[in-house]
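I opened this one to see how its parts are laid out. Here are my notes, in the order I looked things up.

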Amino acid sequence: MKKRIHILFILVLLLGVNTQAQQTPASKQTEAISITGATAHIGDGSIIKNATLVFENGKITAIGEASTPTKGKIINANGKHIYPGFIAPNKTLGLIEVNAVRASNDQDEIGDIIPHVRSIIAYNAESKVVESMRPNGVLLGQITPSGGRISGTSSIVQFDAWNWEDASVKVDDGIHLNWPNSFRRGRWWLGEPRGFQPNKNYQSQIEEVVSFMKNSMAYGKTKAKEHNPAYAAMQGLFNGEQKLYVYADGEKEIIDAVTTLKSAGAKHLVLVGGYHAYKITDFLKEHNIPVLVGFTHQLPNFNDDDYDLPYKLPKLLVDAGLLVGLQNNGASNFQTRNLPFYAGQVVGQGLAKEKALQLITGNTAKILGIDASYGTLAVGKSATLFISEGDALDMRGNQLSHAFIDGRTLSLETHQTELWKRYMGKYNSGQ
Amino acid sequence: MMKMRLFALAILWCGATLFAQDYFPENDGVKTKNNNYTAFTNAKIYVTPTQVISNGTLLIRNGKVVQAGTSVSIPKNSVTIDLKGKWIYPSFIDVYSKFGVEQPKRAPGGGRSPQYNASREGFYWNDHVTPENNAISKFKYDDKKAAALRKAGFGVVNSHIADGIARGTGVLVTLNGKGNDADRVLDDASAQYFSFNKSVAKRQSYPTSLMGAMALLRQMYSDANWYAKGNIDTKDRSLEALIANRGKVQIFAAGKNGNTLRADKIGDAFGIQYAILAGGSEYEHIEDIKATGATYIVPLNFPDAYDVSNPYQANYVSLEDMRTWNQAPSNPKVMAENGVPFSFTLHDLKSPAKLKDKLMKAIAYGLPKTKALEALTTIPASTLGKSSQIGSLEAGRYANFLITSGDIFDASSTLYENWVQGHKNVINDKDLKDIRGEYNLNAGGNSYQLTINGTASKPKASVQQDTNKLKSKISYKDNWLDLSFTTDEGAKIYRMTGLATADSDHINGRLILPNGKETSFKAIMTKAFSEDEKKKGESETPVIMPVTYPNMGYGYKSNPKQENMLFKNATVWTGEDAGNLENTDVLVRNGKISKIGKNLNAGNAQVIDATGKHLTAGVIDEHSHIAALAINEAGHNSTAEVKMEDVVNPNDINIYRNLAGGVTSIQLLHGSANPIGGRSAVLKLKWGLSADEMIYSNSPKFIKFALGENVKQSNWESYSRFPQTRMGVEQVFMDYFQRGKEYDLKKKSGQSYRYDEEMEVLAEILNGERYISCHSYVQSEINMLMKVAEKFDFKVNTFTHILEGYKVADKMAAHGVGGSTFSDWWAYKYEVNDAIPYNAAIMHSQGVTVAINSDDREMSRRLNQEAGKIVKYGGVSEQEAWKMVTLNPAKLLHIDDRVGSIKEGKDADLVLWTDHPLSVYAKAEKTIIEGATYFDMDMDKTQREAIAKERNTLINMMLQEKEGGGKTRKPMKQDPKHFQCETL
């Protein structure tokens, strides 16, 4: 390990350190590339040992055992690992750069129910935070507005682009609804106790959502003379073109959300969060609800909970037969590069490694509706993948040598690696 | 004219009192002083809670007790009241009351920035220190409230202005509605009051925290001593009052969360023994409470049960809160059992009317009645130093007493009269005949069944004709019964009124028939009322859950014990030159690492098979904010006087969660709200032990400094506090160190000097006795602080966070300062734009001692993984990376001679991991501190089951309480503040 880093370092020094702050997006794949000798982690729960993977014009053209014919440039990845690019759902990446600098914040528009607000046009493809995702294998994300009851409309992007149009993988893929909570924080600044207490307005807050859904649906049945952008933005939910991501954690909230929203006409529902989903897996299965579960590096919500409940929660849902992905909606964007380790944490709880990998690849792609092209290594799918020296779900092995998005060879440099090299250069030259 | 008449009335009323001032001129008539005796005979008399006379006489005159006994000779000029079968008690005293004293109003919201300086002139420098306040100046007798208190049995209350940190003096008053203030006020400066809470009426920012309030009190006392010696030229009316009132009773309103012990410690430092207002959970750590030697003032606000009928909502209530409901009523019992003297207070009870219920509850939970009575009479009297005037019915005391139908703590007893200073106040008519029972009612030629129940003074009636229940109405007063009922579905009304007489069980009187004709009725008693059925339920002894340490979910029944143990065949990460040793044994004896080697002999030690597992030293977090009740004292730009050791919270569940992540030691740091922060607490995470027991013995001394955006207050609305720029930050340090130096020189020269806790701490830093751990981000400020230190000839010990340390790693190495950083945090503030995950690796490469810290209660439990990231980012070797969360932070904290590596002779602070400790897959299986197991996966499993079981038991108990008609409240989840550096 030490030796490898050392070599990498010298290589980097040779390459020079005078690059720009943001990495230049890679150009289109021009020649076929074959990766040989690696363990291919497919992203559907299976692996191929000593695999050969070929891609051309941005698409995987062959994947199989060592006997698979190679084509074009060959990357010898003996003893290394190939993974599909990791996918980060429910993030404001590119919508905010520095949390404390208000001027850099574009993640939360005012208004309570604003489905017409679209993230994609504010997405900063040149964000230094986005760039820092790639060296850990996080190559795709769902850029999601935050705040309010209905925060707006998300889009899915890839993380190596000149601008938001280049970046787009699926525009306006879903609408995000923060389900009301039956408990609320005491408004201590008004003299209430600090703790959580039953929310008296819970039912009326649900009514508001239902009423908005029903009006949106009614609006869509005729050609309105007066355009209502909020109602108009909801139509994809009723015709199945868009998904409704509903954020809820409590048992009651989840049951209310699923029951209410289904009967209000939402075709595709995705549960986001789901802290107590493990208590009602039968219900979720019956309603065929996939879960984008909260990331593992969180504290339990209740003092009496198992200390490792957040660690094992994804496993509990997978074991119950649900379709599960991982998201870190509540964390700062920079943390999203730890997505593989959130999945790795579940392995420590007894989930098979390949199943844990699905939580950030194949399953997530299915949930987001981009599985035709992304999420697994399969012929015909986009060559969005990377090579890691070791086990990419563990910090001990996550060390990328190559990464590709749609077959394009990415730079794995960032603002951060450049500063590293610049200052090591300073010290090594005795300045 | 009207006014005149009222005035005259008032004068007449006053004139009629026993205590009409002798030397006052009399303009409304002639002097009519009543010097007669009143004798209460044939009563059971509690002269004191332990001196009880049956069939005795109480003789009073001019508002005072003349004599109480069995052979009292009654003078001829006596009015005698026969109290056969009735009981007399001294009336109650509340030491901690706000009765009649106008309380300050909350100051309206402030402007754009906090107010940092005092708003007063000629007083102490802090607006919250107001010992010059006197409750008497805000006192106005309120007879409506007095009547409510008298109804609950009180005769005297000690009231005060319940506001501010030093609150001034109280006023001791009787609840004598018939006298005036000349009679009532027994002491117009009865006690001196203190608390940890700021004045609601003042907006001065300091102190913003509990530890700030504690430091302020300490400084106030030492300033008072300095002032008393005449060392201060200017006038300080606050300190003068504080000094003048030194001789009085000192009462501290401490309350919950171990604040009782905090208050007592402050008192100890200045030779003061406070009487302490308790929080109600003293049973959780009764030994510590007992050791204070204080007398307590105990509230009776036992919590209501939670309404847990909805299972989803019940989830929100923690086991800790459920237990509080279950255990709190046993608090008085436990205190009494342990010989802790205490009085009861109505403080925090919604109304005085609740008192009896709560007392009965405390008694049902095991409090002896004698102790209950003492807590309401003799102890409050002695706490106030007024035993010669109040609290008993010995000769010479005020004639403040209660007349009851029986045992005052019995549900069925009635309080008849509450005499205050010899004045009768009727609560319930003692001569009222109890008419409860079943009657045969003859009215208008028909026969009805009348049942009268309810209470003797407020009876309820039901009237039946055969099996037909009729609508009826009853009122009963002064032995006159008014009863009406309707027949024929309301069409016909029968009204009657009659007098119940002492000599007959039957009631006769006037009846008015529905047609208006007057005739008479007769009610003949067929069965007398009995209360037997009611008593059955009360005799059940309540089930009380055992206390754990700490008293919450995952608390242990007893503290983990030191054991001798032998780890067999582990991969041992020594953290020393020996590196990693495969298949190696480690022997732990008497809390120390005794031997490392192969095939060691276990002797009497318990053998732990560690084959395939990794044994490491416990993880040490250089930068933690768990286990604290406060983090920032943000009221000043320098707060070296505050101590985190003052606010350690041993009940934080994150201690347990940290243990489950292999963490054994932490530095609990002050926050980063100011350039010079507070002093640290270096802790071992001994879950279940007290705050003081968690603090390192012979602890190295640390203080938090901070630089950058937080101390400049860049990210929140504050524009008036110096510094607002990095330029100003340097000047704060230069100024304080210069002053510290001058202070120290003066002190060392032998001249007399004003003790200044803040300057003492700065002098410690200058003298190399206290180390700085400085929150830092960008290279310019890092460099600056090193230069400031060099100017004053000392070294900065640690830069914590130090995100741009990599830019000045060579300078850091030259200065000799260590760096304690995050593995991969950045982008949350402007000043972390250039923070990189390679920081630790670069600093390490230049010879800086590097630690990886958390500043986060979640990440702290995965610091092993964060160390793993240092291998990933920058290629540090695994063993060196591991040292960054063990030996290196131990070095930075100057505890590496005790902990941080596996070395013979060091403390046995060990973690057994299921896997390679730098891997995301590793779990801590056992976490051991000084040979005692504080976390163990199997123990944890048992705990989980126990929690589920106990929750279920308590939920069922609460459901029963609700079904039994007990009061409930809505489910709640506590939301304690979760701290990071910036939490204010």
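**The six-stranded sheet**

I started with an open sheet of six strands in chain B, with mixed pairing and the order β8-β11-β12-β13-β14-β16; strands pair here if DSSP finds at least two bridges between them. β8 (166-169) and β16 (342-345) of chain B each have a single partner strand, so these edge strands are left without a neighbour in the sheet on one side. I get an average twist of 25° from one strand to the next.

I then looked up one pair inside the sheet. β13 (residues 275-278) and β14 (residues 296-299) of chain B are joined by two bridges and run in the parallel sense. B:Ile276 stands opposite B:Tyr296 in β14(B). Helix α6 (residues 259-269) of chain B packs on this sheet, where it touches β12 (249-255) and β13 of chain B. The direction of α6 makes about 145° with that of β12(B); axes are lines fitted to C-alpha atoms, for helices over the stretch in contact, and angles run from 0 to 180 degrees between N-to-C directions.

**Ground rules**

This is a predicted model, and I kept to its limits: local features need pLDDT of at least 70, side-chain atom pairs count only at pLDDT 80 or more, and totals for chains, interfaces and linings use all residues. Residues are numbered from 1 along each chain as its sequence is written, with chains lettered from A and ligands numbered from 1 in the order in which they are written. Helices (H or I, at least four residues) and strands (E, at least two) are DSSP runs, numbered from the N terminus.

**Chain B as a whole**

I find 26 helices and 45 strands in chain B. Its C-alpha atoms fill a box of roughly 110 × 70 × 55 Å along the principal axes. Among contacts between residues at least 6 apart in sequence, 67% join residues at least 24 apart; a contact needs C-beta atoms, placed from the backbone, within 7 Å.

The domain assignment, which is automatic or from a database, divides chain B into domain 1 (1-20 + 32-91 + 391-433), domain 2 (93-108 + 115-247), domain 3 (437-527) and domain 4 (619-899). Over C-alpha atoms, the centres of domains 2 and 3 of chain B are 56 Å apart.

**The nine-stranded sheet**

The next sheet I looked up in chain B is open and antiparallel, with nine strands in the order β22-β21-β20-β19-β27-β26-β25-β24-β23. β22 (468-470) and β23 (472-477) of chain B are the edge strands, each pairing on one side only. The twist averages 25° from one strand to the next. Three bridges join β21 (residues 459-465) of chain B to β22(B), and B:Val463 stands opposite B:Leu470.

**Two helices**

Helix α18 (residues 726-748) of chain B has 23 residues and should span 33 Å at 1.5 Å a residue, and its end C-alpha atoms are 33 Å apart, which agrees; the expected span is 1.5 Å times one less than the number of residues. Among the buried residues of α18(B) are B:Phe733, B:Phe737 and B:Tyr743. The buried residues of α18(B) pack against β35 (676-679), α17 (709-712), α19 (757-766) and α20 (779-791) of chain B. B:Gly750, with a positive phi near 90°, follows α18(B).

Helix α4 (residues 210-228) of chain B reaches 27 Å over its 19 residues, close to the 27 Å expected. α4(B) is mostly covered, with 15 of its 19 residues buried. After α4(B) comes B:Gly230, whose phi is positive, near 80°.

**Where chain B meets chain A**

I count 55 residues of chain B in contact with 49 residues of chain A. The largest share on the chain B side, five residues, comes from α23(B). That side divides into 24 nonpolar, 14 polar and 17 charged residues; Ala, Val, Leu, Ile, Met, Phe, Trp, Tyr, Cys and Pro count as nonpolar, Asp, Glu, Lys and Arg as charged, and the others, Gly among them, as polar.

Conventions:
Two residues are in contact if their C-beta atoms, placed from the backbone, lie within 7 Å. A residue is buried if 20 or more other C-beta atoms lie within 10 Å of its own, exposed if 12 or fewer, and partly exposed in between; C-beta atoms are placed from the backbone.
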